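Please read it alongside the sequence and the model.

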Amino acid sequence: MDISGEQHYDIRHDIMKRRLDHLGNVIESRSDGIGGPKIDRPLQRHGGRLDHNETYCGSCYGAEMSDDECCNSCEEVREAYRKKGWALTNPEMIDQCKREGFIEKVKEEAGEGCNMEGFLEVNKVAGSFHFAPAKSFYQSNIHLFDLMAFQTENSNISHRINKLSFGQKFPGVVNPLDGVEWTQQTSSGMYQYFIKVVPTIYKDIRGRKINSNQFSVTEHFRSADGFTQSLPGVFFFYDFSPIKVSFTEENVSLLHFMTNICAIVGGIFTVSGIIDAFIYHGQRAIKKKMEIGKFG
């Protein structure tokens, strides 16, 4: 989301999401994942059970946008609720979630982690992106997650950033968050990164231009203790600098090279002369003292 008002939730395109066990190993996806019906004759939108000669059209439980809209899975009910800005507080009362074992699957995933890989395209204005253990939605101008209602245990937001960059890589760039790791020691909360992005142009010796960015970062952990609306997750808040940096590769001319060589040689002769004079005058002074002592 950004200050222009653009918001995207539960992003799936260009993002690879993998489930991890408590040791960090990738877990194979279940073939009967959330969204696959398990029993026959589910509840219809009109309130009756599905007959053999009917087409299934599940109820959205008041969240439908039109009279002919159907929610045939728990995922579709959650999505309809999210669009309305409603929290799914009672999934055990939703026929689709109940028959798909939604709550049981959420409980089975306790202790798991995840790995995210991919890229996002954002507007060149201040904004943020975050990783959180549920779907996001807005309700009364408050940012909420639809799983908070029945997540009784604290969420562990320990994380490692393998790589984070804003734009294409270019020679010499250093991304300060690459390899950064943070382990949660206290109760759940929000871990926040505040990023200042500096637009950068890199032009190599062949004239090839790379438009990219560098960034600096500060970080802060906000504990959930005392904050009723503190959301568990890792948040990245970014802003763009009004200054642009330009790097250009250039060949050193022969005249400049020879001038540097002469400067180095001249410097060596100068230092050698100073050392020689110091040794010579020091030797003379010692010799003179020795002669005075001998005649005395």
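## Strand pairing around strand 10

Two strands are taken to pair if DSSP finds at least two bridges between them. By that criterion, in this predicted model, strand 8, which spans residues 189-203, pairs with strand 10 in the parallel sense over 8 bridges. Within this pairing, Ile195 has Tyr238 of strand 10 as its bridge partner.

Strand 10 also pairs with strand 3, made up of residues 127-131, but here the sense is antiparallel and the pairing runs over 5 bridges. In this second pairing, Phe131 is the residue that stands opposite Val234 of strand 10.

## Burial of strand 10

Strand 10 itself covers residues 233-240 and is mostly covered, with 6 of its 8 residues buried; buried here refers to a relative accessible area under 20%.

## A charged surface patch

On the surface, Lys124, Lys203, Lys209 and Lys244 gather in a patch of positive charge. Of these residues, Lys124 lies in the loop between strand 2 and strand 3, and Lys124 counts as exposed because its relative accessibility is 69%, the cut-off for that class being over 50%.

## Ala110 and its loop

A further loop, between helix 3 (102-108) and strand 2 (113-118), contains Ala110. Ala110 has a relative accessibility of 55% and therefore counts as exposed. Although Ala110 and Ser155 are 45 residues apart along the chain, their C-alpha atoms are separated by 9.5 Å.

Technical notes:
Residues are numbered from 1 along each chain as its sequence is written. This is a predicted model: local features need pLDDT of at least 70, side-chain atom pairs count only at pLDDT 80 or more; totals for chains, interfaces and linings use all residues. Side-chain values use heavy atoms; hydrogens and water are left out. Buried means under 20% relative accessible area, exposed over 50%, partly exposed in between (1.4 Å probe, protein chains only). Helices (H or I, at least four residues) and strands (E, at least two) are DSSP runs, numbered from the N terminus. Patches are made of residues with over 30% relative accessible area and no salt bridge: like charges are joined within 9 Å, nonpolar side chains (Val, Leu, Ile, Met, Phe, Trp, Tyr) within 5 Å. Accessible areas come from the Shrake-Rupley method with a 1.4 Å probe; for residues, only the protein chains shown count as cover. A salt bridge is a side-chain nitrogen of Lys or Arg within 4 Å of a carboxyl oxygen of Asp or Glu. Lys and Arg count as positive and Asp and Glu as negative; His and the chain ends are not counted. The place of a charge is taken as NZ of Lys, CZ of Arg, CG of Asp or CD of Glu.
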